[in-house]
Amino acid sequence: MDTGIAFTLFGLEIRWYGILIALGFVLGYVFVSIYNKKYGYDKDLPIDLILWVAPLSIIGARLYYVIFEWETFAAQENTLAAILRIWDGGLAIYGGIIGGVIGALLYCRFGFYD
């Protein structure tokens, strides 16, 4: 049995790192919601921020992993398909942080808030 697998749901293996990533997003949302309410910002700010940060952090995590493991991906027959298969593993926390910060900066600069 693989110790990285938390449980199986309808034949899909749910891994611990996926649970921890999701928990990080939930805790980030809770923190921003509390901060948002305390300082009286727009009530939609937390979910809007997550919509910018979450995809860019996942893309950043995958991109960082692919860059540093390029030999592995370049050796495969269909390189692009291998890069896009994030469910096969391969996310790097540094890239996730970089992507999340970029997402937050883009939201601060271009976010559609009043």
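**Entry 1. Salt bridge**

Which side chains meet in a salt bridge? I began from a predicted model, in which local features need pLDDT of at least 70, side-chain atom pairs count only at pLDDT 80 or more, and totals for chains, interfaces and linings use all residues. Residues are numbered from 1 along each chain as its sequence is written, and side-chain values use heavy atoms, with hydrogens and water left out.

I took a salt bridge to be a side-chain nitrogen of Lys or Arg within 4 Å of a carboxyl oxygen of Asp or Glu. Searching the whole structure, I found one salt bridge. It joins the side chains of E13 and R15, at 3.3 Å from N to O. E13 is partly exposed at 42%, and R15 is partly exposed at 25%.

**Entry 2. The loop at F10**

I next looked up F10, which lies in the loop between β1 (5–9) and β2 (12–15). Strands (E, at least two residues) and helices (H or I, at least four) are DSSP runs, numbered from the N terminus. Most residues other than glycine have a negative phi. F10 is not a glycine, yet I read a positive phi of about 55 degrees for it. F10 counts as exposed, with a relative accessibility of 83%.

I paired rings of Phe, Tyr and Trp (its six-membered ring) if their centres lie within 6.5 Å; planes under 30 degrees apart count as stacked, over 60 as edge-to-face and the rest as tilted. By this rule I count seven aromatic pairs. One of them is F31 with Y35: the pair is stacked, because the ring centres are 6.4 Å apart and the planes stand at 25 degrees. F31 and Y35 are four residues apart in helix α1 (residues 16–39), so about one helical turn separates them. F31 is exposed, at 58% relative accessible area, while Y35 is partly exposed, at 41%.

I then followed Y35 to Y39, where the centres are 4.7 Å apart and the planes are at 50 degrees, so this pair is tilted. Y35 and Y39 are also four residues apart in α1, and about one helical turn lies between them. Y39 counts as partly exposed at 46% relative accessibility. Ring pairs link F31, Y35, Y39 and Y41 into a cluster.

Is N36 buried or exposed? N36 lies in helix α1 and counts as buried, at 6% relative accessibility. Contact means heavy atoms within 4.5 Å. Not counting residues up to four places away in sequence, N36 touches Y41, D42, K43, L45 and P46.

**Entry 3. Packing of α2 and α5**

Two packed helices are described by the angle between their axes and the distance between the axes. At what angle do helix α2 and helix α5 pack? I find about 145 degrees between α2 (residues 45–68) and α5 (residues 93–110), with the axes 6 Å apart. The axes are lines fitted to C-alpha atoms, for helices over the stretch in contact, and angles run from 0 to 180 degrees between N-to-C directions.

The crossing of α2 and α5 is right-handed; a crossing is left-handed if the near helix is turned anticlockwise from the far one by less than a right angle, and right-handed if clockwise. Residues in the contact include L45, D48, L49 and W52 of α2, and G103, L106, Y107 and F110 of α5. The residues of this contact divide into 13 nonpolar, seven polar and one charged. Here Ala, Val, Leu, Ile, Met, Phe, Trp, Tyr, Cys and Pro count as nonpolar, Asp, Glu, Lys and Arg as charged, and the others, Gly among them, as polar.

I located G111 in the segment after α5; it counts as buried at 13% relative accessibility. Leaving aside neighbours within four places in sequence, G111 is in contact with W52 and L106. G111 and L45 are 66 residues apart along the chain, with their C-alpha atoms separated by 9.3 Å. For D48 and G111, 63 residues apart along the chain, the C-alpha separation is 8.0 Å. D48 lies in helix α2 and is partly exposed at 23%.

Last, I looked up I86, in the loop between α4 (79–84) and α5. I86 is partly exposed, at 32% relative accessibility. Not counting residues up to four places away in sequence, I86 touches Y17, I58 and R62. I86 and I59 are 27 residues apart in sequence and 9.5 Å apart in space, C-alpha to C-alpha.

Methods. Buried < 20%, exposed > 50% of the residue type's maximum accessible area, 1.4 Å probe, protein only.
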